[in-house]
Amino acid sequence: MEKAWWKEAVVYQIYCRSFMDTNGDGIGDIAGIIERLDYLKNLGIDTIWLNPVYRSPNDDNGYDISDYRNIMEDFGTMEDFEKLLQKAHAMGIRLIMDLVVNHTSDEHPWFIESRSAVDSPKRDYYIWHPGKNGIIPNNWNSFFEGPAWELDDATGEYYLHLFTRKQPDLNWDNPEVRREVREIIEFWMKKGIDGFRMDVINLISKTPGLPDGRDMKDIRGHEFFANGPEIDTYLKWVQESFEGYDAMTVGETVCADLDTVSRYVDEESGFLNMAINFEHVTIDRNLGPFDEIPLEMPRLKRCLSSWQEKLDGQGWNCLYMSNHDQPRQVSRYGNDSVYHKESAKLLATLLHTLQGTPFIMQGEELGMTNVAYDSIHDYRDIATLNYYRECINNGDNPEDILKRINRCSRDNARTPMQWTGGINAGFSTGTPWIALNPNYTQINAEVQESDPDSILNYYRNLISLRHNNPVIVYGSFTELNPQQPQVYSYQRAYKGRLLMVALNMSDRTLEIQLPGLDKKQEILIGNYADSPEYSPKMHLRPWEASVWIGS
Ligand code: TEU
Ligand code: CA
């Protein structure tokens with residue numbers, strides 16, 4: 001397996017709007033990120049992934065871009081951005097941005113021009129259709145509720161939007177569009193950034209003829225707009241845009257199974273370094289992101305192992321359980337009450353000891369939890385608000401809807417960063433754009449800083465272990481005890497070093513079996529004060545995580 005900086009990296013995701021506000025307008029800004037670079041350096045991360053910071057009317061918090069070459073006024077200026085990049089680099093921290101090119105904002109000049117007339121020179125930048133006998137062109141659904149088509153009065157035709165109606169899809173079949181994307185990539189790479197996370201990048205090739213969708217399990221139409229006929233050609237085009245740069249490329253791939261993703265990230269014939277896959281974050285969902293079903297640990301284990309086994313020696317995993325689109329991991333996969341600290345540390349151990357590159361969502365390193373606002377008016381996310389409206393229209397009980405939203409909304413991950421126990425958690429001196437999670441008085445960076453046993457200090461420890469033990473990065477993966485339903489255990493091996501990991505993903509003490517080894521295994525890290533010595537048969541306490549190293 002080839003060595004690469006992006007395999008050894010630990011990525012920290014910054015959702016600028018909620019990270020740190022320096023001018024009191026209640027909105028996080030780039031100056032705030034600069035102010036907290038020391039915090040990130042002390043945490044030990046070496047790469048920042050910045051969610052979109054470009055000009056945007058913010059229908060979908062920056063995922064609707066109206067100018068790819070300028071910074072959102074709320075966040076600061078291009079000078080601020082350049083200063084951030086320069087300071088981060090000076091501290092040895094790399095920075096990747098978010099490339100959102102499946103769609104633009106409807107306020108982007110291309111779309112304004114495109115919608116003006118059927119013979120506009122930019123008409124073909126987007127996907128227009130006259131409709132069929134006065135009705136929408138096909139039955140595809142938007143990811144954010146309702147049909148994926150919007151009738152535009154100016155010309156009486158429909159345009160495609162797989163997300164909100166303010167996010168029209170670009171037409172990648174048009175070579176001009178591909179050229180524009182290349183120029184955007186070049187613009188930012190020349191500025192010195194270190195790569196991109198590419199938003200829904202496997203949606204850019206739509207099946208010609210735009211046939212009706214049949215598969216009802218996922219978003220209707222996905223078999224015709226995800227992983228479409230030209231996807232390999234277009235991903236190759238994107239990949240070639242990075243030639244001459246030692247860039248990190250992470251594709252977000254929705255509606256893509258393991259076989260498809262492994263083709264995209266194949267080290268020999270693929271197009272991306274890694275992919276953000278969705279299998280493990282939909283394992284506790286039935287129809288859509290708000291339809292929660294019980295999490296079954298054996299299924300989660302099997303899912304994680306299948307990605308490990310398939311990509312071992314062939315591609316590279318992106319390791320995450322949280323981001324700005326998902327509920328907080330400790331509330332979802334762990335236990336955010338009785339075993340808050342233990343389970344937050346266990347999940348961290350999991351993500352930092354599997355094969356792949358760990359991605360930390362801001363606040364995860366503090367064990368930040370879901371927030372349960374008691375009014376829909378506190379929610380800000382467009383997907384959540386659309387879902388609420390749709391359910392109300394269907395006659396659902398508002399309290400039931402709110403319960404589902406409490407558990408599943410993307411806003412769970414978007415509450416302000418909890419820096420201190422003081423006013424507004426130290427995030428802002430003004431009124432935060434989204435309400436704080438009231439538990440900031442207990443869960444915050446300030447108290448965890450001075451507590452050697454805190455989740456924050458555990459993350460520091462894990463990150464530095466990863467940087468000092470190549471077996472954690474490059475070791476092969478073998479699952480142990482797949483039949484044990486609640487304990488996830490595996491070993492990693494590299495150049496004569498052996499790493500053993502055992503994770504009790506339950507609220508009970510459980511017995512486990514591990515291989516009897518002739519060489520002694522030393523404890524590397526554990527989440528209980530008195531970590532157990534390695535033994536082929538032992539008990540693990542609730543949410544206990546133990547990692548041993550030996551040869
Ligand atoms: O997300 C793509 C995506 O599929 C999500 O919308 C996902 O289905 C949903 O969040 C599950 O709750 C990306 C971005 O990460 C997201 O923030 C954007 O809203 C979306 O693309 C559109 O750009
Ligand atoms: Ca601000």
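Is Gln329 buried or exposed? Let's start there. Keep in mind that this is a predicted model.

Gln329 has a relative accessible area of 4%. The cut-off for buried is under 20%, so Gln329 counts as buried. Its place is in helix H11, residues 329-332. Now the surroundings. The Gln329 side chain makes a polar contact with the side chain of Glu364, at 3.3 Å. Setting aside neighbours within four places in sequence, Gln329 is in contact with Met321, Ser322, Gly334, Leu347, Ala348, Leu351, Glu364 and Tyr459.

Next, the rings. How many aromatic pairs does the structure hold? There are 27. Take Trp49 and Phe359. Their ring centres are 6.2 Å apart, with the planes at 70°. Planes over 60 degrees apart count as edge-to-face, so that is what this pair is. The two partners sit in distant parts of the chain, 310 residues apart. Trp49 is in strand S2, residues 47-50, and Phe359 is in strand S13, residues 357-361. What about accessibility? Trp49 is buried, at 1% relative accessible area. Phe359 is buried too, at 4%.

A second pair: Phe144 and Phe163. This one is edge-to-face, 5.3 Å centre to centre, with 70° between the planes. Phe144 lies in the loop between strand S6 (128-129) and strand S7 (149-152). Phe163 lies in the loop between strand S8 (157-160) and helix H6 (175-191). The pair therefore ties together parts that are 19 residues apart in sequence. Both Phe144 and Phe163 are buried.

There is also a cluster. Ring pairs link Tyr54, Tyr68, Phe81, Trp110, Tyr125, Phe187 and Trp188.

Charges over rings come next. Lys7 lies over the face of Trp316, 5.1 Å from the ring centre. Arg94 places its charged end over the ring of Trp5, 4.0 Å from the centre.

Last, the ligand. Which residues come nearest to ligand 1? Out of 17 residues around ligand 1, they are Asp60, His103, Asp199, His324 and Asp325. Two of these have polar distances to report. Asp199 has a polar side-chain atom 2.8 Å from a ligand 1 oxygen. For His324, a polar side-chain atom lies 2.9 Å from an oxygen of ligand 1. Glu252 belongs here as well: an N or O atom in its side chain is 3.1 Å from an oxygen of ligand 1.

Technical notes: Residues are numbered from 1 along each chain as its sequence is written. Chains are lettered from A and ligands numbered from 1 in the order in which they are written. This is a predicted model: local features need pLDDT of at least 70, side-chain atom pairs count only at pLDDT 80 or more; totals for chains, interfaces and linings use all residues. Side-chain values use heavy atoms; hydrogens and water are left out. Helices (H or I, at least four residues) and strands (E, at least two) are DSSP runs, numbered from the N terminus. Buried means under 20% relative accessible area, exposed over 50%, partly exposed in between (1.4 Å probe, protein chains only). A polar contact is a pair of N or O atoms within 3.5 Å; within protein, one must be able to donate a hydrogen and the other to accept it, and residues adjacent in sequence count only if both atoms are side-chain atoms. Contact means heavy atoms within 4.5 Å. Rings of Phe, Tyr and Trp (its six-membered ring) pair if their centres lie within 6.5 Å; planes under 30 degrees apart count as stacked, over 60 as edge-to-face and the rest as tilted. A charge sits over a ring if NZ of Lys or CZ of Arg is within 6 Å of the ring centre and within 35 degrees of the ring normal. A residue is near a molecule or strand if one of its heavy atoms lies within 4 Å of it.
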